[in-house]
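Please follow the account below with the sequence and the model side by side.

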Amino acid sequence: MIVRTLEECENSERRVTTETWESTRMLLKDDNMGFSFHITTIYANKETHIHYKNHLESVYCMSGNGEIETLSDGKVYQIRPGTLYILDKHDDHMLRGGTEDMKMACVFNPPISGREVHDKDGVYPVDNT
């Protein structure tokens, strides 16, 4: 059994921060569960281009507000507490924080290793180890 607290993970190398978001990776590839689980904060009034070419992701908004825009068709979806969005087609998108930070619970398949950040195209690299 694996038991971790968010506080423990936030005070470790499992917490990754950038200018537009921070993510605490509570479950990672080396935990051998087949997926990773993160608590991610999208900062208010910030925009991030994301295109997970190597991963599928589902995201549940726990608090805050914002929006996601799918770049293939320009559709914009509002995000608020209780919203789940699923990037089931490697969707190229813009994620925008609203008037307050969004706290999100995220699941990735395949799992990430832990220190990934988006490259210039919004992609996380795939870890083939």
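Tyr60 is found in strand β5, strands here being DSSP runs of E with at least two residues, numbered from the N terminus. Tyr60 is partly exposed, with a relative accessible area of 38%, where partly exposed lies between buried (under 20%) and exposed (over 50%), with a 1.4 Å probe and protein chains only. The model is a predicted one, in which local features need pLDDT of at least 70 and side-chain atom pairs pLDDT 80 or more, while totals for chains, interfaces and linings use all residues. Residues are numbered from 1 along each chain as its sequence is written, and side-chain values use heavy atoms, without hydrogens and water.

Turning to charged pairs, seven salt bridges are counted, each a side-chain nitrogen of Lys or Arg within 4 Å of a carboxyl oxygen of Asp or Glu. Side chains of opposite charge can pair when their charged atoms come close. Asp31 counts as buried at 13% relative accessibility, whereas Arg4 is partly exposed at 28%.

Glu69 and Arg96 also form a salt bridge, at 2.6 Å from N to O; because Glu69 lies in strand β6 and Arg96 in strand β9, the pair ties together parts that are 27 residues apart in sequence. Both Glu69 and Arg96 are buried, and they belong to a network of salt bridges that also includes Glu47 and Glu67.

How values were computed
Helices (H or I, at least four residues) and strands (E, at least two) are DSSP runs, numbered from the N terminus.
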